[in-house]
Every structure is written in structure tokens, then in C-alpha cells.
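This briefing describes selected features of the structure shown below, grouped by topic.

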Amino acid sequence: MELVAGSYEQVLFGFTVHPEPQASGDQQHQWTPVADFTHHAHTASLSAVAVNSRFVVTGSKDETIHIYDMKKKIEHGALVHHNGTITCLKFYGSRHLISGAEDGLICVWDAKKWECLKSLKAHKGHVTFLSIHPSGKLALSVGTDKTLRTWNLVEGRSAFIKNIKQNAHIVEWSPRGEKYVVVILNKVDVYQLDTASVSGTITNEKRISSVTFLSDSVLAVAGDEEIVRFFDCDSLMCLCEFKAHENRVKDMFSFEIPEHHVLVTASSDGFIKMWKLKQDKKDPPSLLCEVNTNARLTCLGVWLDRGTDTKESLPQAAEPSVNTEQSKIGKKKSGDVVQQEDTLNPNSKKCGLNGDSKKPVKGNSLSARKRKMIEMPEKKKRKKKI
């Protein structure tokens with residue numbers, strides 16, 4: 001596996017970690033991260049990172065998205081469609097990448113041809129965060145226009161708009177997609193999908209910087225402090241808390257491999273740490289390993305060399321369309337959900353965004369220089385190492 005972390009200093013760090021077998025009894029085996037690469041590709045601080053089974057992509061304040069092929073360890077090119085800081089990047093399987101930026105756009109990319117399939121005017125202000133439903137048929141986004149928006153990825157259009165009282169900066173689906181959380185400052189509103197209403201609110205000590213679901217009911221919450229807390233989304237109670245870093249925690253990532261459920265944290269103190277989660281989330285996790293990058297970390301991902309994704313792509317579209325589409329937004333009523341189309345059901349049989357278009361959206365999905373790099377013969381590609 002590879003830990004990848006972006007920094008304020010414009011550098012992407014990569015560290016290879018080889019998991020140790022499960023230790024018997026109370027004996028604890030420590031994992032060892034080994035520096036693999038440092039790459040200075042962006043001209044401004046990194047703001048987002050995403051991974052799938054083959055690629056790592058990074059977004060930056062320099063308005064570009066850079067692509068890295070982790071199998072070949074080469075830089076693969078850059079996407080230059082957005083005008084504004086890239087605020088969020090999410091892969092769905094091996095075929096699709098969705099990006100959001102301060103220009104208010106959400107773009108859907110073919111992650112094999114690296115073409116922009118759909119460009120949606122998502123928010124009147126910045127897109128601050130987005131999350132894709134486990135089915136691949138819905139997405140949620142929040143922005144600086146004080147709205148929470150539901151997107152129908154089946155047809156590539158806006159479905160619902162909910163006005164919220166303040167600007168939210170994080171939205172996240174639960175693993176099964178039965179609930180989602182919306183973060184505003186130091187509060188987490190827990191929504192149920194079937195009612196689209198808040199079932200409860202979790203309050204953290206400081207402003208929240210990152211959340212990640214450890215299970216369908218347990219949420220890890222980190223903020224502008226050294227502490228990470230685990231909350232139960234049903235009882236809204238804090239299950240446990242532990243000091244993870246010496247400075248604020250900027251990002252978290254959780255994953256499961258055989259015999260281990262792991263939480264990774266990155267902090268402004270420069271450290272990336274890996275924690276082994278206990279079966280009972282009331283017990284604080286134990287430290288597996290840590291590495292000091294000596295940089296101010298901003299974003300985090302973990303590339304797992306699993307061959308292929310179980311989720312290959314977003315569902316195939318019933319009526320393919322790859323033209324840039326400005327979503328048609330209905331008039332907003334204060335405090336209400338604006339319904340534009342029929343109620344969305346992620347379990348419906350209709351299927352989603354087309355990934356087979358041969359024509360990129362008019363505009364600029366790849367700069368000429370980077371496009372040439374992608375089309376280079378394999379022998380030349382290998383020369384450009386990261």
C-alpha cells in the first residue's frame with residue numbers, strides 16, 4: 001500500500017507500507033513506512049487527493065488536477081477544465097472521477113480516456129465538498145451558497161436543492177448509503193436517506209476539518225485540535241477520543257484489509273499516522289506506524305494495490321449525453337427542499353452516466369503539453385519518473 005499526502009508546500013509525498021501479519025496475543029507488530037517519492041508538480045498548495053485501483057489524482061489552488069499512474073510510477077498528465085481552486089476529488093470505481101472547484105462546477109471525467117463527460121454548474125458560489133452514493137447513482141454536494149444539492153448521476157442533472165442556514169464544508173455518505181452527514185463549523189447533522197431529514201446533531205469541541213465513517217453507525221471526527229473522536233450516529237454519543245497529533249488534524253482516511261481495520265491521519269505537524277482500530281470502537285486505536293514529512297500537510301489518500309475495483313464504473317446511461325449541461329435550478333424557498341424531478345431512489349433500475357463517449361466536452365480537458373505526454377509511447381513514458 002502507499003500513503004499519499006499533499007502539502008501546503010506544493011509537494012506530493014508517497015510512502016510505501018508493507019503490512020505485518022496479525023500479531024498473536026498482546027504482541028504488537030509495528031509497520032514501517034518507507035519513502036517512495038516526493039513530487040513537486042503543482043505551482044500552488046495541494047487541496048485535494050483521490051485514489052482508485054490504479055491512479056492517484058491531486059487538486060490544487062493552481063486550478064489543475066494532476067494524474068499519477070501508480071502501477072508505472074509516472075506522471076500521467078493534467079486536467080485543466082476548472083477555473084478556481086480544486087476543492088474536492090472523488091473516484092467512483094476504475095472508470096469515473098468527479099471533481100468540484102471554486103468556480104462552482106462539478107465535472108465528471110472518464111478515468112480511462114481522461115475526457116470531461118459532463119460539466120454541471122453546481123453552486124452559485126464555490127463547491128466545497130461532494131460525496132458519491134455507494135450505488136453510483138446519486139451524489140451530494142455543498143457549497144458557499146448555503147445549499148445542499150442532490151445530483152442524479154443517472155441523467156447528469158440536479159434533482160433536489162435544500163437550503164441550509166450556514167455554509168456547510170463537508171458532506172459524506174455512510175458505507176451502505178442509508179444515511180449521510182453534513183458538517184457546518186463544529187456540528188455534524190446526521191440525515192436519513194429515506195426521510196431526507198436530520199435525525200440528530202453531533203457537536204465537536206472545535207471546527208471540524210475531516211470526517212470518515214468507520215462503520216454504518218460510527219463516525220470518526222477530527223478538527224482544529226490534536227484530538228480524534230469516534231461518535232455513534234444513532235445515540236449521538238462520543239464513544240472515545242484520543243490524542244492523535246501535536247497540531248490540528250487536517251485529513252483522515254479509513255480502510256479494511258485482512259485482519260486489520262485501519263485509520264490514517266495527517267496533521268499540520270507534518271506527521272502521517274496509521275492506527276489499528278479495535279473491534280469495540282469505545283476502545284482507542286493503537287498506533288501502527290508514523291512518518292514525519294516535515295511539511296504542513298493538507299490532504300491524504302491511501303493507494304491499495306488491489307488489482308481492480310469491485311465498483312468498475314458509474315451505471316451506463318439510458319440516454320447518453322456528453323454535452324456541457326447547465327443544471328436547471330428551480331426557485332428556492334427558504335428552508336425548503338426544492339424538488340426538480342421525481343424522488344430519487346438509488347435502488348431504482350434506471351442507470352447512470354455514460355462513460356463511453358469518444359468526444360471530450362468542448363473546452364480543455366487536457367492541455368496540449370500534457371495530452372502529448374499521455375500519448376507518448378510506453379518507452380518514453382517510463383523515463384518520466386515520480
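**Cavity, sheet and selected residues**

The largest cavity holds about 50 Å³ of space. The model is predicted, so local features need pLDDT of at least 70 and side-chain atom pairs count only at pLDDT 80 or more, while totals for chains, interfaces and linings use all residues. Residues are numbered from 1 along each chain as its sequence is written, and side-chain values use heavy atoms, with hydrogens and water left out.

**Cavity**

- The structure contains one cavity of 30 Å³ or more; a cavity is a set of points, on a 1 Å grid over the protein atoms alone, where a 1.4 Å probe fits but cannot get out.
- Its volume is the space filled by probe spheres set on the points, with grid points joined across faces, edges and corners.
- Lining residues, defined by an atom within 4 Å of a point, are Ile98, Ile106, Val108, Leu120, Leu130, Ala139, Leu140, Ser141, Trp151 and Leu153 for the largest cavity.
- By class, this lining comprises nine nonpolar residues, one polar residue and no charged residues; Ala, Val, Leu, Ile, Met, Phe, Trp, Tyr, Cys and Pro count as nonpolar, Asp, Glu, Lys and Arg as charged, and the others, Gly among them, as polar.
- Strands β10 (105–110) and β13 (138–143) each supply at least two lining residues of the largest cavity, and β13 gives the most, with three; strands are DSSP runs (E, at least two residues), numbered from the N terminus.

**Open sheet**

- Four strands form an open antiparallel sheet in the order β4-β5-β6-β7, where two strands pair if DSSP finds at least two bridges between them.
- The edge strands, β4 (46–51) and β7 (74–79), each pair on one side only.
- β4 pairs with β5 (residues 55–60) in the antiparallel sense over five bridges, and Val51 has Val56 in β5 as its bridge partner.

- Ser131 is found in strand β12 (residues 127–132) and is buried, with a relative accessible area of 2%; buried means under 20% relative accessible area (1.4 Å probe, protein chains only).
- The side chain of Ser131 makes a polar contact with the side chain of Glu172 at 3.4 Å; such a contact is a pair of N or O atoms within 3.5 Å, one able to donate a hydrogen and the other to accept it, and residues adjacent in sequence count only if both atoms are side-chain atoms.
- The Ser131 side chain also reaches the backbone nitrogen of Trp173 at 3.1 Å.
- His261 lies in strand β25 (residues 260–267) and is buried, with a relative accessible area of 13%.
- His261 and Leu214 are 47 residues apart in sequence and 8.6 Å apart in space, C-alpha to C-alpha.

Notes
On a 1 Å grid over the protein atoms alone, a cavity is a set of points where a 1.4 Å probe fits but cannot get out, and a pocket is an open set with protein on both sides within 12 Å along at least five of seven lines; lining residues have an atom within 4 Å of a point. Buried means under 20% relative accessible area, exposed over 50%, partly exposed in between (1.4 Å probe, protein chains only).
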